[in-house]
Amino acid sequence: MSTNPAKGLLALWEAGTSPLALLRAAEPSGVQDDALARLPVGARDGKLIAHQRRLFGPAIEATVPCAECGETAEVTLDADSLLAMAPEEVAPIAITSGAWRIEARPADSRDMAALAMEVPEAAERALLARVVTLCTRDGAPADPANLPPEAVAAIEDALEAADPLAAITLLVACPHCGASIPALHDPAHHLARSVAAEARRLLAEVAALARAYGWREADILAMTPQRRAAYLELAA
C-alpha cells in the first residue's frame, strides 16, 4: 500500500470489493499473492478488520434489516474485541466421531472461490472434500463424502473454534419490534463500503481544489488533510 495515505486509500478503492483483492491492495508491497490466498478465511478477515481499524478507527458501525417489521437496526462492533478473538496461529484440527477419525485444515480464499461454482445444496460436502486431509473409519481410509451428519457437525464446530473470525455471527435486537435478528458480519464488504465513501469524499475535495486553483490531482493528494481543508476554506 502507498506510503501516502490519500493515494493508498484510492488504490484500495480501485482494487474492488473481493476480500483477496482488498487484502492485496492493503498489505505492504512484497507480500506474495499465493501467501495471502492460503491464509485461513478468519486470518484473512482479521487482517481486513485490522486495516478497517487503521483507516477508520475501532468502531465498526453496521445496519441490519429486520425480517419481522422491515425496519433497520443499527449495531456497533468493536474491532479490538473482534481481533482479540483471533488465535496467534490458525492450526489444523483433528477429531474422532464414533468410528471416524478426521483431520482437516481451515478453509482459505482458494476454497471459497471454488465453492462459488457449486450449487448451495452441494457446497457443504464440496468444502469438506477440499479441507479434509485425513479420513479413516475403523482405522481404514474412508471417503469424506460418506461422513455421517454428526461427524460433519463435529468437524464444523472444531473448525469454527480453530478459526473464529471465519464466520462472525451477530444476534441483534430490533429496536422497533424487539425481534432477534441473526446476521453475519462481512469484514470485506464493510471495509469496501467504508473505503468507497471516503474515496468519494476525497475525490470531491480534489475536484473542488482543481477547479479553484488548477492544481493536478497528484499535487492535491500529496497535501496533508489539514492543508487541503485550509485551501478549501479559502476557496469557498
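Visitor: Which strands does helix H8 lie across, and at what angle does helix H8 run to E3?

Guide: In this predicted model, helix H8, residues 149–162, lies across E3 and E4, and its direction runs at about 150° to that of E3.

Visitor: What makes E3 and E6 the edges of the sheet?

Guide: The sheet is open and has 4 strands in the order E3-E4-E5-E6, with antiparallel pairing. Strand E3 (93–97) and strand E6 (140–141) each have a single partner strand, so one side of each is left without a neighbour in the sheet, and they stand at the edges.

Visitor: How do you know that E4 and E5 pair, and in which sense?

Guide: Two strands count as paired if at least two bridges are found between them, and strand E4 (residues 100–104) and strand E5 (residues 132–137) are joined over 5 bridges, so they pair, in the antiparallel sense.

Visitor: Why is the protein described as more spread out than a compact globule?

Guide: The protein has 11 helices and 8 strands. Its radius of gyration is 22 Å, whereas the globule rule gives 18 Å for 236 residues; the value is well over that figure, and therefore the protein is more spread out than a compact globule. Along its principal axes, the C-alpha trace spans about 80 × 50 × 30 Å.

Visitor: Why is the space lined by Leu48 and Ile49, among others, called a cavity?

Guide: The word is used for a set of points where a 1.4 Å probe fits but cannot get out, and the structure holds 1 such cavity of 30 Å³ or more. By class, the lining of the largest cavity has 5 nonpolar, 3 polar and no charged residues.

Visitor: What lines the largest pocket, and how do its residues divide by class?

Guide: The largest pocket holds about 680 Å³ of space. Of the 26 residues that line it, Ala107, Met112, Leu127, Ala166 and Ala167 are the closest to its centre. H4, helix H6 (109–115), H7, H8 and strand E8 (180–185) are the elements that give two or more residues to the lining of this pocket, and the lining divides into 16 nonpolar, 1 polar and 9 charged residues.

Visitor: Which residues are the closest to the centre of the second largest pocket?

Guide: The second largest pocket has a volume of about 300 Å³, and of its 16 lining residues the closest to its centre are Pro5, Ala6, Glu198, Pro225 and Arg228. The elements that give two or more residues to this lining are helix H1 (5–14), H4, H9, helix H10 (217–222) and helix H11 (225–235). By class, the lining of the second largest pocket has 10 nonpolar, 2 polar and 4 charged residues.

Note on methods. Residues are numbered from 1 along each chain as its sequence is written. This is a predicted model: local features need pLDDT of at least 70, side-chain atom pairs count only at pLDDT 80 or more; totals for chains, interfaces and linings use all residues. Side-chain values use heavy atoms; hydrogens and water are left out. On a 1 Å grid over the protein atoms alone, a cavity is a set of points where a 1.4 Å probe fits but cannot get out, and a pocket is an open set with protein on both sides within 12 Å along at least five of seven lines; lining residues have an atom within 4 Å of a point. Grid points are joined across faces, edges and corners, and a volume is the space filled by probe spheres set on the points. Ala, Val, Leu, Ile, Met, Phe, Trp, Tyr, Cys and Pro count as nonpolar, Asp, Glu, Lys and Arg as charged, and the others, Gly among them, as polar. Contact means heavy atoms within 4.5 Å. Axes are lines fitted to C-alpha atoms, for helices over the stretch in contact, and angles run from 0 to 180 degrees between N-to-C directions. The radius of gyration is taken over C-alpha atoms; the globule rule is 2.2 Å times the number of residues to the power 0.38.
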